[in-house]
Amino acid sequence: MNEPMLFLPLIPLLPFVGFLLNGVLGSKLPKALVSTIALAFPLASFALVARAAWMVYSGLALPVIEHGAPEWIVFGAVHIGFGLALDQLTLVMLLVITGVGFLIHLYSVGYMEHEQGYWRYFAYLNLFLFFMTVLVLASNFLLMFVGWEGVGLASYLLIGFYIDRRSAGDAGKKAFVVNRIGDFGFLIAMFLLLGSFGTLNFSEVAAQLAGHAAISGGVVTLICLCLLLGATGKSAQIPLYIWLPDAMEGPTPVSALIHAATMVTAGVYMIARAHALFDLSPTALLVVAILGTATAFFAATVAMVQTDIKRVLAYSTISQLGYMFLGCGVGAYSAAVFHLMTHAFFKALLFLAAGSVIHGLGGEQDLRRMGGLRKQMPVTFWTMTAAVLAIAGFFPFAGFFSKDAILAAAFQHGVSGKALWTVGLTTALLTSFYMFRLWYLTFLGESRADGPADSPANGHGSAHAGHAHESPWIMLTPLVVLAALSVCGGWIGMERFGAFLAPVTGGVQAAAGDGGQIEMMLSALAVLVAAAGWFVAHSIYGRARNDRANASLALPRRVLERKYWVDEIYVAGIVRPLEGLARYGLGWVGEWTLVRGSAWLLAGVASLSGEFLRRWQSGNLRSYAAWLTAAAAILLIFVLAGTLFGINGFADTIHWAVR
Amino acid sequence: MNTAVPAEWYLILSAALFTLGVVGFLIKRSLISIFMSIELMLNAVNLSFVTFAHEWHAVKGQIFVFFVMMVAAAEAAVGLAILISIFRARGTLTVDQIDLMKL
Amino acid sequence: MDNVILSLILLVPLAGAALILLLPERGKLPAWIALLDSLLTFLCTLHLPAHFAGGRGGFQFEENVLWLSHPRISYHLGVDGLSLWLVVLVGLLAPVGVVASWKTIGSRSKVFYALFLLQQTAMVGVFVSLDLMLYYGFWELSLIPIVILTAMFGRNLGESSAVKAALRFFLYTFIPSAPLLVALLWLYAHTGSFDYTTLQAAIASGSLPARQLGWVSVAFLLAFAVKVPVLGLHGWLADTFSEAPVAIAMIAAGKLGLYSLIRFHVALFPALAREAAPWMIGFAVVGILYGALLALVQKDFWKLLAYATLSSLSFCTLGIYGFTISGMNGALLQTVNEGIIGAALFLMFGVLFDSRRTSQLGEFGGVAQKAPRLAALFVIASLALIGLPLLNGFVGEFLVLAGTFNGVSKGWAAVAALGVIFSAAYMLRMIQMVFLGEPTANSHGHAVRELSWRETVTVGGLAVLMLAIGVMPTVWTSTMEPALQSAFKVSSAENAVPAAAESGAGMMHAMGESR
Amino acid sequence: MTPDLFRILPEVVLTLVGVLVMLTDASMAARSSRRPLGWMAALGVVAALVASLWQGTLSAGTAFFGTVQTDAFSTFFHVLICGIVLTAILLSIDTLPPDGDPEQHHIGEYFALMVFGAVGMCLLTSAVELLVVFIALEISSISTYVLAGYRKQTGKGAEAGMKYFLLGSFATAFLLYGIAMVFGATGTTQVQEIATLLPAARSHALVLLAFGLMMVGVLFKVSAAPFHVWTPDVYEGAPTPVVALMSTAPKVAAFALIVRLLYGVFPLLHPLWMPLMWMVAVVSMTVGNLAALRQQNAKRMLAYSSIAHAGYLLAALAGAGAEPIAAIGFYTAAYAAMNVGIFALMAVVGGYDEHRSTIADYRGVLHQRPVSGGLMLLFLISLIGIPFTGGFFAKFYSFSTAMQGGAGWLALIGLLNSGVAAAYYLRFALSIAQPAATGARAEAVPRIGVGVSAAIGVAALATLVLGIAPGHVLDAAHAAAQSFAAVRGF
């Protein structure tokens with residue numbers, strides 16, 4: 001049983017070695033070597049994951065490193081160690097992370113070719129893999145938190161990869177700080193767990209919960225809500241989603257890996273992982289569901305009008321994550337994870353394809369200046385198409401199965417479920433609309449390369465290449481593979497997937513008996529909705545003239561383009577007041593008045609009295625003599641006063657001076 | 001002849017003289033006069049020494065007086081020298097004008 | 001060896017200082033001597049953890065010689081888990097300080113390095129003295145080199161603001177130490193001894209007049225709180241940071257005061273310290289946010305660092321006055337972390353300042369491209385400061401916050417935890433302003449230089465240390481905890497009740513009763 | 001039975017040397033260098049020092065009909081005073097104007113006066129008869145009057161001498177009147193006799209008046225507030241080497257006298273003079289420190305600081321038993337060491353012409369002359385009262401004595417005062433440490449003579465020894481304290 005000890009840690013450690021090699025020596029090494037290192041280690045850990053997968057399928061005992069785990073933090077009697085555990089859920093995540101991750105590494109080799117700081121990029125990417133695998137392998141909350149913050153760091157570094165671009169730095173900072181708000185919730189949740197369970201270990205917490213259900217609901221709800229805060233931060237849900245669109249400042253492969261496929265799904269993973277807690281708190285679950293649905297709808301609406309190809313995808317990511325939260329919220333964890341997986345496929349594909357487009361256009365990201373790329377870059381076009389169909393939820397593409405599963409679960413989830421389902425369905429409509437809008441604007445129609453230029457040319461790559469060109473094979477291979485996955489990734493089917501995850505997330509509360517044809521109807525409905533979305537998009541953008549859209553619906557458009565002014569509201573409502581408080585409240589009142597002022601006051605009093613005393617020295621002999629005489633007089637009076645106290649034998653004279 | 005002046009009177013006189021000296025020190029403007037008022041104070045003390053010596057029939061008092069006179073003489077020597085140097089340096093003996101050093 | 005090692009650690013720097021003063025000031029000779037001597041001292045300090053009998057409280061490597069028979073002052077040295085790592089830390093920081101001054105100290109380097117080494121002796125003395133008079137002596141002595149060197153080698157000597165800063169620092173710390181001395185004299189007058197253990201026992205016995213004893217403890221608290229500094233008493237911090245030479249500034253704040261708070265306030269007056277605890281906790285929590293918020297809007301990186309320090313030192317105070325073993329453990333560890341991180345940051349800020357002759361954040365930008373090594377190490381140090389897991393800052397903060405949360409007050413702890421958010425905000429803001437963006441040529445037109453190999457090795461070593469402490473903190477905490485346990489056996493008897501025992505968790509042994 | 005002459009051997013030696021110096025001075029050619037006279041005087045003081053130490057080996061006893069008494073007390077202060085005078089003379093040899101200067105031809109008297117002053121001060125510490133006390137006091141005072149006015153050509157010099165002389169004799173008159181009244185109350189002027197006769201005094205009022213008047217005299221001598229007004233002016237006007245002497249030696253002697261009066265003559269009044277000294281101490285330290293805060297002239301600043309130190313010294317008197325005497329003894333020693341040191345260095349660095357007089361003038365000394373600057377810092381640090389220097393233990397003993405006596409508030413006030421005092425000492429120290437102002441001409445560093453280096457070396461060594469290994473001096477001080485029959489009484 002010590003053999004899993006051998007390879008489980010290796011899964012994260014291998015990319016870490018890659019990070020160290022590239023990070024320390026990278027600047028000196030030739031690009032070829034850098035990319036070899038960068039590819040070799042993730043590939044190796046993917047191999048290990050595959051091996052783990054085989055172990056799981058062949059029904060061997062699941063490898064766990066708990067008691068032998070090296071100790072990390074000792075808190076009172078609680079010993080928290082670097083415990084790793086592998087189970088079905090983790091396995092799915094690992095497959096996605098290392099698999100998709102490797103593909104994106106591969107893609108990056110081509111995409112980042114011309115960047116300086118090439119080595120830095122791959123070092124960061126490996127670092128991200130390290131933390132992400134730690135996150136999913138961790139067997140306790142604290143170690144999970146390590147990965148949690150670590151991926152945040154990696155994303156910060158990668159978003160700010162173009163270190164000479166101010167906006168990139170801002171975006172990175174924003175991402176990290178907003179995530180920190182979430183981490184704050186996570187921390188508090190851990191403290192509560194420590195307080196009420198005395199452990200942070202997933203299994204032990206679950207055991208205690210199973211043990212005595214008398215755990216007070218209040219605490220559990222609080223814990224869940226704190227965890228949820230963390231999840232909303234990492235997975236860009238309302239109210240903390242604002243960082244994700246800006247995160248598109250990073251290189252596109254990064255957006256694909258971190259901000260679409262893996263990191264942002266950590267929140268979903270965490271909720272699924274902690275479902276034992278959530279199951280005990282319907283309130284928390286309801287909040288999750290509502291937040292998820294709201295986010296899904298909200299983000300979808302914004303996505304409809306974005307003109308930056310990556311931002312469209314970003315908002316669509318937020319929206320899809322909303323679906324996953326909805327899934328968790330209605331207790332369909334396995335469905336959520338299922339969607340997580342398929343989404344990883346097609347969203348990564350979308351980003352990579354977008355990246356290939358951007359690459360082809362030499363850094364152009366503005367939809368209004370694309371168009372007609374179908375002929376120039378066919379591979380990109382076809383793969384992208386697969387992805388679009390998948391996300392729109394057409395049968396039999398991957399997206400259909402997972403999204404359908406979630407909606408179905410929502411539909412069967414009591415009264416609130418119906419409402420949620422309705423919103424979710426509407427969102428599906430919007431989704432297919434904006435995806436096809438993007439599709440049309442990018443590939444169909446004729447090129448608008450000389451359109452309105454208001455989006456600054458992305459720091460990426462050379463100047464705007466007049467004629468677009470297809471990307472090199474090293475970038476296309478991942479596209480093809482992911483396209484294949486997006487097409488057939490869902491064929492496993494919800495039942496089998498749910499059954500596979502059952503040991504972790506508990507059985508799927510799938511519709512019993514008669515639920516069959518309801519499911520059918522729902523699925524049909526979903527496909528219809530998707531088709532409708534396509535139709536609308538086609539009717540507006542299908543023909544070359546897309547100005548009608550601009551003309552119609554001015555006001556709502558404006559609202560959406562300004563993203564409901566949420567960023568502005570946050571700045572005006574939170575950031576500015578805090579800065580004002582700091583600068584004036586603390587800086588002036590606190591520092592200058594209280595801290596400095598008090599010191600100055602004392603010093604002033606002292607030196608003033610000193611000045612007064614110096615005035616004694618008039619320099620005039622007679623005044624000195626006068627002082628002396630006065631002093632002598634005082635002294636004599638004091639002494640003679642002694643007689644008043646003790647006439648006989650100087651008995652008890654003045655004692656007050658002493659104690 | 002048989003009625004001697006009581007000792008207290010001598011003491012009071014000496015006290016008065018002493019006070020006179022102090023006052024002189026305070027109000028006189030010329031350094032010489034100030035110096036003389038110090039001499040006055042010393043002699044006032046001498047008077048009370050003599051008185052006490054007579055009271056106690058102790059010769060110590062008289063001895064003390066002689067020593068005081070001697071010391072006063074020494075002080076006079078030094079003091080006058082200092083006053084001369086003051087006059088040389090400043091051209092005045094008015095105490096109110098001699099305040100180069102103050103504060 | 002074990003019975004003279006502490007004296008050795010005290011003497012080696014002194015000898016080095018003497019040597020420097022005797023030899024002529026030729027080129028970098030004083031610097032080299034100082035470097036070698038401080039490395040030697042560091043080796044000596046490493047002897048302590050190497051031969052330290054871990055897992056038990058009480059003092060080790062004790063030396064006790066009568067210094068004066070009347071009044072009875074003895075040269076009583078000793079180390080326990082409380083002071084062990086702080087001594088090592090001082091040993092470590094000395095060479096760092098020398099390296100940090102290597103390029104900046106030109107003329108009169110003899111005076112600089114001699115006084116610098118004297119400073120080291122004084123600080124070690126503070127940590128190892130078990131006779132309160134001896135302790136007081138080192139405590140006061142440790143002020144002098146800081147002040148003189150700030151006046152001699154301060155940054156903005158032109159407008160002599162360095163002198164003002166030095167003066168302010170000295171008065172801030174010296175005036176409160178007057179009541180401290182009075183308190184010591186009072187204790188001596190009532191117990192006839194300055195010996196730590198004797199006094200601890202005497203105070204615990206409750207034989208001393210209570211009201212005056214209360215004032216005595218207040219005097220102790222005040223003197224130490226200024227040195228930490230605790231919120232409200234930090235008036236000297238920003239000026240010292242922005243004026244003092246780097247090597248001096250990096251040791252001016254934090255450890256001395258915090259150690260003294262634990263050893264000579266909390267452990268010496270357990271009951272009275274417990275009464276002061278609510279206030280201190282309040283000050284600490286407010287201080288965390290206060291410092292963080294101010295750091296958020298600073299335009300000058302020395303001041304930013306000062307307020308950041310105020311904020312993260314408040315974490316330590318919080319841990320100490322939470323009266324939970326874990327919290328104190330975290331506070332103690334955090335004190336060490338502070339030293340390490342602060343040293344690294346100071347060194348690199350020094351490089352930035354020297355190459356640009358300004359500390360205005362606005363005048364920097366794009367340094368990352370000019371000096372990648374500097375940027376990378378700086379980011380690592382910053383991440384440690386803001387408590388990224390696997391780096392040392394996190395462990396301390398976690399222990400403190402968790403201890404406070406479950407041992408003292410959920411509300412306070414939650415508020416304190418907000419500091420985690422702000423710390424990220426201000427550090428990243430600074431990183432962005434200094435290192436990212438387009439490289440700017442500032443008014444002086446100097447470019448930022450890359451770290452020299454000497455500096456790279458030093459800061460790199462510190463970074464490795466941050467990682468080491470972050471990954472296996474138990475190496476450190478395991479020696480600290482028994483010391484804390486035994487230090488509080490006097491006090492923790494009554495508060496060993498688990499705060500949340502009823503919730504079926506056996507974790508909170510020796511945790512303060514929740515308020 | 002030791003011959004009476006042995007009891008005053010140091011004084012005899014000093015007197016002879018003084019006379020010898022004057023005679024040789026008179027017999028020397030006008031233009032020839034007077035430095036040898038300095039060395040002669042120094043040797044004489046060394047001889048006196050040896051004599052005093054030898055006295056310490058004798059059994060305690062009185063001589064000349066119980067007018068002088070040599071014991072541990074007198075020995076302690078003899079040695080201390082001789083040490084101070086010796087360093088002052090060594091210091092003067094190199095810092096007085098060079099040969100050929102118009103002031104040169106006074107140097108003979110200068111050294112002679114220093115030696116005669118030593119005679120008075122030494123005698124003051126061993127006198128147990130108020131007559132001798134008075135004479136000794138006058139001897140020391142008169143010689144210091146002259147020394148204070150040594151630079152009689154300059155207006156300031158003459159003015160300093162004048163002020164010191166007039167005010168000094170004014171105060172002495174008070175003292176003398178007090179003596180007269182004691183004599184009147186008890187019929188004797190012998191210390192022990194007075195102490196024994198005091199309870200049966202004919203008039204308590206007389207005794208109290210006598211006590212008060214004598215206190216006026218001695219408190220003036222130690223320049224305790226509110227009798228301090230003369231101090232700053234005299235220090236400013238007198239030559240720095242003289243200040244080094246007169247800020248220490250006469251004060252040491254005067255404190256010995258205070259102890260003699262309080263514990264030898266008026267132990268009975270302890271409940272009365274304790275609060276009195278308590279108040280005078282507080283006033284002195286507060287006035288001195290606050291007034292020094294804004295002072296720019298270095299010598300004046302140190303004058304105020306000496307007032308504050310008088311306060312610290314008097315604070316010890318709040319203690320019980322013999323402790324205060326020991327504390328005062330130790331304090332005077334430490335104070336003498338650091339004060340002589342700082343003034344010596346100011347004489348060297350500031351020059352006889354005092355081209356450096358204000359604190360700002362001293363800027364950059366540490367950079368231009370590291371050794372002198374460093375030593376100045378050492379003495380200033382000691383004056384602040386930082387541990388491991390004499391100044392700290394001095395304060396420590398003084399205030400712990402007060403604390404033992406139950407005067408906790410006094411200790412608190414005093415130490416807070418020393419905190420305030422740190423402000424101006426440090427202002428001086430930091431201005432020394434600060435780099436010279438840009439554009440300041442780098443002056444040529446003159447050669448420092450062997451005499452002054454010896455003096456400074458002694459002072460620095462003493463400061464450090466008293467700070468690190470004060471054991472022996474403290475034992476001596478305790479022994480001195482024990483030689484008071486009265487204190488064993490109460």
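**Reading the model**

A: Let's start with chain A, which has 25 helices and four strands. Here helices (H or I, at least four residues) and strands (E, at least two) are DSSP runs, numbered from the N terminus. Keep in mind that this is a predicted model, where local features need pLDDT of at least 70 and side-chain atom pairs count only at pLDDT 80 or more, while totals for chains, interfaces and linings use all residues. Residues are numbered from 1 along each chain as its sequence is written, and chains are lettered from A and ligands numbered from 1 in the order in which they are written.

Q: What percentage of the residues of chain A count as buried?

A: A residue is buried if 20 or more other C-beta atoms lie within 10 Å of its own, exposed if 12 or fewer, and partly exposed in between, with C-beta atoms placed from the backbone. Of the 659 residues in chain A, 57% are buried.

Q: How do I read a helix, say α3 of chain B?

A: An α-helix has 3.6 residues a turn, so residues three or four places apart point the same way. α3(B) covers residues 60-90, and its 31 residues reach 43 Å from first C-alpha to last, close to the expected 45 Å. Just after α3(B) comes G91(B), with a positive phi of about 70°.

Q: And strands? How many bridges join β1 to β2 in chain C?

A: In a regular strand the side chains alternate between the two faces of the sheet. Two strands pair if DSSP finds at least two bridges between them. In chain C, β1 (residues 60-68) and β2 (residues 73-79) run antiparallel and are joined by six bridges. L68(C) has I73(C) as its bridge partner in β2(C), and a hairpin of four residues links β1(C) to β2(C).

Q: Which elements of chain C touch chain D?

A: Two residues are in contact if their C-beta atoms, placed from the backbone, lie within 7 Å. By that rule, 30 residues of chain C are in contact with 29 of chain D. On the chain C side, α5 (132-141), α6 (143-153) and α7 (161-191) each give two or more residues, and α7(C) gives the most, with 15.

Q: How many residues of chain C are in contact with chain A?

A: There, 48 residues of chain C are in contact with 43 residues of chain A. The largest share of the chain C side, 11 residues, comes from α19(C).

Key: The expected span of a helix is 1.5 Å times one less than its number of residues.
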